[in-house]
Amino acid sequence: LAKKHNYDIKHETFYRGGVEPIRASKTVTTVYDLVREKFTPNWHGFTAKQLSLDRSDAVICISKTTADDLQNYYRVDPNKISAIYLGVSDRFLYKTNPEIEREDRQQLLYVGGRDGYKDFRTLVIAFSQSNLLRDNFKVLVFGTKFNDGELKLMNDLKVLNSFTNTTGGDNALIAAYRASVALVITSIYEGFGLTVLEAMNAGCSVVSTR
């Protein structure tokens with residue numbers, strides 16, 4: 001189908017350097033973050049990304065931060081860039097007064113990836129060093145299973161029994177937000193930070209890095 005038709009708009013959500021077999025009058029590229037540029041200097045896709053940006057008639061960035069970062073790493077006409085922010089489903093929206101119910105919650109929540117710049121290790125260490133947290137709270141980690149390094153760290157710091165791992169779809173995630181006093185974000189860089197909006201909509205406080 002792509003080879004048979006001419007389209008008005010081609011929207012690239014990843015970077016193929018303009019080699020997609022889709023013929024279109026205009027090309028739009030969306031850039032979510034500059035994680036690879038900041039943390040994976042040997043990434044193989046820089047050239048394809050620059051070619052995609054060169055061939056694009058418009059570039060969508062999901063935040064002002066991403067738009068600024070993009071211009072620091074690539075040659076791109078700032079007049080082509082628009083910041084269009086992400087949003088979350090109304091399913092996350094808490095309908096009652098969350099402040100009253102939060103007082104009785106004894107769970108902290110961590111959501112998403114934990115490797116590299118996500119810096120999950122900081123949460124484990126900080127939790128282990130706080131008598132207040134150790135004596136009063138548990139941590140629910142929503143995402144992939146703990147790896148051997150994480151389990152060893154938690155065991156060495158004597159907090160293994162305080163951390164629980166789970167996963168699931170949107171309903172499970174929404175329930176986790178609503179059962180937690182706060183979402184903890186230790187990441188040192190985000191293009192946007194979608195979990196912040198999810199937590200705020202679900203009536204869960206947010207504790208994060210800058």
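1. Lysine 158 is exposed, with a relative accessible area of 72%. Here exposed means over 50% relative accessible area, buried means under 20%, and partly exposed is in between (1.4 Å probe, protein chains only). Lysine 158 sits in the loop between helix 7 and strand 7. Its phi is near 60°, a positive value in a residue other than glycine. Most residues other than glycine have a negative phi.

2. A word on the source. This is a predicted model, in which local features need pLDDT of at least 70, side-chain atom pairs count only at pLDDT 80 or more, and totals for chains, interfaces and linings use all residues. Residues are numbered from 1 along each chain as its sequence is written, and side-chain values use heavy atoms, with hydrogens and water left out.

3. The overall picture comes next. The protein chain has 9 helices and 9 strands. Helices (H or I, at least four residues) and strands (E, at least two) are DSSP runs, numbered from the N terminus. Of the 210 residues in the protein chain, 39% are buried. The C-alpha trace spans about 60 × 40 × 30 Å along its principal axes. Among contacts with a separation of 6 or more, 62% join residues 24 or more positions apart. Contact means heavy atoms within 4.5 Å.

4. Aspartate 119 also has a positive phi, near 60°, and is a residue other than glycine. Its place is the loop between strand 5 and helix 5. At 25% relative accessibility, aspartate 119 is partly exposed.

5. Which residues of helix 5 are buried? In helix 5 (residues 120–128) they are Phe120, Leu123, Val124, Phe127 and Ser128. Seen down the axis of helix 5, these residues fall within an arc of 125°, so they line one face of the helix. The arc is that of the directions from the helix axis to the C-beta atoms. An α-helix has 3.6 residues a turn, so residues three or four places apart point the same way. The buried residues of helix 5 pack against several elements, including strand 5 (107–111), helix 6 (131–136), strand 6 (138–142) and helix 7 (148–156).

6. The largest nonpolar core has 17 residues. A nonpolar core is a set of buried Ala, Val, Leu, Ile, Met, Phe, Trp, Tyr and Cys residues joined through side-chain atoms within 4.5 Å. Those with the most contacts inside this core are Leu108, Phe120, Leu123, Val124, Val139, Val141 and Phe163. Strand 5, helix 5, strand 6, helix 7 and strand 8 each give two or more residues to it. Helix 5 supplies the largest share, 4 residues. Not counting residues up to four places away in sequence, leucine 123 touches Tyr110, Val139, Phe163, Val184 and Thr186. Another core, of 15 residues, lies apart from the largest one; among its residues are Tyr15, Trp43, Cys61 and Leu70.

7. Helix 3 shows a one-sided pattern too. Its buried residues are Thr66, Ala67, Asp69 and Leu70. Down the axis of helix 3, they fall within an arc of 165°, so they line one face of the helix. Their cover includes strand 2 (23–31), helix 1 (35–39), helix 2 (46–55), strand 3 (58–61) and strand 4.

8. Asparagine 79 lies in the loop between helix 3 (64–73) and strand 4 (81–83). Asparagine 79 is exposed, at 71% relative accessible area. Asparagine 79 and alanine 58 are 21 residues apart in sequence and 8.5 Å apart in space, C-alpha to C-alpha.

9. The largest pocket holds about 340 Å³ of space. On a 1 Å grid over the protein atoms alone, a pocket is an open set of points where a 1.4 Å probe fits, with protein on both sides within 12 Å along at least five of seven lines; lining residues have an atom within 4 Å of a point. Grid points are joined across faces, edges and corners, and a volume is the space filled by probe spheres set on the points. The lining has 21 residues, of which Lys118, Glu190, Gly193, Leu194 and Thr195 lie nearest the centre. Strand 8 gives the largest share of this lining, 3 residues.

10. The second largest pocket has a volume of about 230 Å³. It is lined by 14 residues; Glu190, Phe192, Gly193, Thr209 and Arg210 are the closest to its centre.
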